Amino acid sequence: MILVASLWAVTFATERVAQVQPPATIPALFPLGLPIDLVKCWSSLFNIEGCVLQISNSILSGKFENLEAPCCKVFSSLDANCWPQMFPLNPFFPPYLKEICARIVPNPPTHK
């Protein structure tokens with residue numbers, strides 16, 4: 001429960017930081033790879049009204065039926081390098097959510 005509460009608090013704190021500060025990278029956390037702009041990662045979810053709340057409620061309740069297609073579409077399009085930084089306390093959540101979202105927003109068929 002503490003893990004879920006921490007994630008929820010980080011989610012809403014990040015929204016406030018994104019509104020106050022310009023995007024910044026944190027190169028010290030990524031010595032072997034490219035720096036990830038954490039604010040940019042979160043901002044795409046905040047651009048969809050209610051998306052962060054839908055994800056937070058899903059985490060808290062364990063129920064994902066209230067996720068809407070626009071939120072799933074944006075979450076699924078996030079760079080996978082964002083996920084470990086966005087959800088550091090639960091590395092299994094992003095792939096699971098992406099799998100749930102694939103059912104809500106299936107890939108369009110390819111045309112030959």
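**Helices and disulfides**

Start with α3 (51-61): the buried residues here are C51, V52, Q54, I55, S56, S58 and I59. Buried means under 20% relative accessible area, exposed over 50%, partly exposed in between, with a 1.4 Å probe and protein chains only. Helices are DSSP runs of H or I, at least four residues, numbered from the N terminus.

A word on the source: this is a predicted model, where local features need pLDDT of at least 70, side-chain atom pairs count only at pLDDT 80 or more, and totals for chains, interfaces and linings use all residues. Residues are numbered from 1 along each chain as its sequence is written, and side-chain values use heavy atoms, leaving out hydrogens and water.

Now select α4, residues 69-77: C71, C72, V74 and F75 are buried. Seen down the axis of α4, they fall within an arc of 165 degrees (taken from the directions from the helix axis to the C-beta atoms), so they line one face of the helix.

- C51 and C71: sulfurs 2.0 Å apart, linking α3 to α4, 20 residues apart.
- C72 and C101: sulfurs 2.2 Å apart, linking α4 to α6, 29 residues apart.
- C41 and C82: S to S 1.9 Å; the torsion is about -65 degrees, so this one is left-handed.

Counting bonded cysteines along the chain, the pattern is 1-5, 2-3, 4-6.

Note on methods:
Helices (H or I, at least four residues) and strands (E, at least two) are DSSP runs, numbered from the N terminus. Contact means heavy atoms within 4.5 Å. A disulfide is a pair of cysteine sulfur atoms within 2.5 Å.
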